[in-house]
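Hello,

Here is the structure I promised to pass on. Have a look at it first, and then read my notes below.

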Amino acid sequence: MKTSPLTLRNKFCMKNLLFFLLVILQLPISAQKFEGLAQTPPMGWNSWNQFGCRVNEQLIKEMADAMASSGMKDAGYEYIVIDDCWQINRNESGEIVADPKLFPSGIKALADYIHSKGLKLGIYSDGGVSTCAGRPGSRGYEFQDARSYASWGVDYLKYDWCYSEGQNAEASYRLMRDALFKAERPIVFSMCEWGSTQPWSWGKDIAHLWRTTGDISDCWNCESNWGSLGVMQILDLQVKLRTYSGPGHWNDPDMLEVGNDGLNLTESHAHFGLWCLLSAPLMAGNDLRNMSKDIIEILTNKEVIAINNDPLGRQALKYMDYGDLEIWLKPLKNGDFAIGILNRGDEKIKFDQTLQLTTYDTDFKPDSYTYRIDGNFEIRDLWNHKNLGSTKENFKIEIEGHDLILLRLSRL
Ligand code: GLA
């Protein structure tokens, strides 16, 4: 039988279509981080600063309960993150095993409990062979661990960098990102590489946040011999990083020490306000079950949190440095500004200055901006929820040592 040219052409098209479909189906879905999970800086609680290795399932459940009952959940906190020491070994199939003495019901049951409270569960691992506390790390087990986390219902992974000698940071973090993506459960990916290889310069497509420094400790101005840093030391290291941070990819100056013993109330106050100006992730690091009214007020101050959560997501600029006195400026989406006036020193400072500020912000090259606060801005004190006049007159205030005045300026 003779085949007509038309039938021949149809056969040719069908063959091509089939080939095309096969190619498409066989192409691996290229890995990426899960987008849209951290359009504003993540907020939650992490066990490390207050409890170190003393974690267990009862404690974690109680933190979830306290997050809900203290008003923190209503203020926007959602992640309960178990840091180091929840894991004990690997089973014969290589799966990571939670310490059965500390977590007898297992991580899945804990995730279910946390989800039932309308909160999310975070967990911790390390890109090297061991975690910093010597528990099994994920090196060589990335895909298997990511599958375990996904099957347990984990929502957030903090991924540390101890015992990673000889490894390339970017490649190691990319590998875990790919493993998480392959496991198909959206998980916020928090890199904890301490800023050693400038993760801000390569981390944007890999993670939602990256630590910029060594560990924070609960002191205002200090540096320990093992490298932990006080609030002021960490603040100074953020100044040059502001252009790297934005919606979906945040600089992380480490978890909060608000409410921990080494900071007094004024310092806790200033630390929280500064982290909000920096668009930092807000991970409380205190015991949520025993908070004073004052500490709850700091952690749940919605007007202050709104500065942190502002959708523009722009980290504050150090506008002026007069030694102990600093002025920080954070542009906000609706054209408002947040201003922080910081007294780093011990003595009270009398501030009497215009807040009609103008600065040419060249950090955002090539789209540099001029920020101009002239004329009619209303000044609002965000700690005390009070309006304090307008920018037409000098702004006068006394600032205690180690305090931060936090203002929102709105065009009248
Ligand atoms: C490192 C991290 C800390 C904490 C500990 C846990 O030091 O930077 O935030 O996770 O490890 O061992």
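A charge sits over a ring if NZ of Lys or CZ of Arg is within 6 Å of the ring centre and within 35 degrees of the ring normal. By that rule, the charged end of R90 lies over the ring of Y141, 3.8 Å from its centre. R314 does likewise with F364, at 4.1 Å from the ring centre.

Please keep in mind that this is a predicted model: local features need pLDDT of at least 70, side-chain atom pairs count only at pLDDT 80 or more, and totals for chains, interfaces and linings use all residues. Residues are numbered from 1 along each chain as its sequence is written, and side-chain values use heavy atoms, with hydrogens and water left out.

The structure also holds 15 aromatic pairs (rings of Phe, Tyr and Trp, its six-membered ring, with centres within 6.5 Å; planes under 30 degrees apart are stacked, over 60 edge-to-face, the rest tilted). One of them is the tilted pair of Y149 and W152, 6.2 Å centre to centre with 55° between the planes. These two are 3 residues apart in helix α6 (residues 142-152), which puts about one helical turn between them. Y149 has 1% relative accessibility and so counts as buried (under 20% relative accessible area; exposed is over 50%, partly exposed in between, with a 1.4 Å probe and protein chains only). W152, at 15%, is buried too.

Another tilted pair is Y173 and F189, with 6.2 Å between centres and 45° between planes.

Enjoy exploring!

Methods. Helix = DSSP H or I, 4+ residues; strand = E, 2+ residues; numbered from the N terminus.
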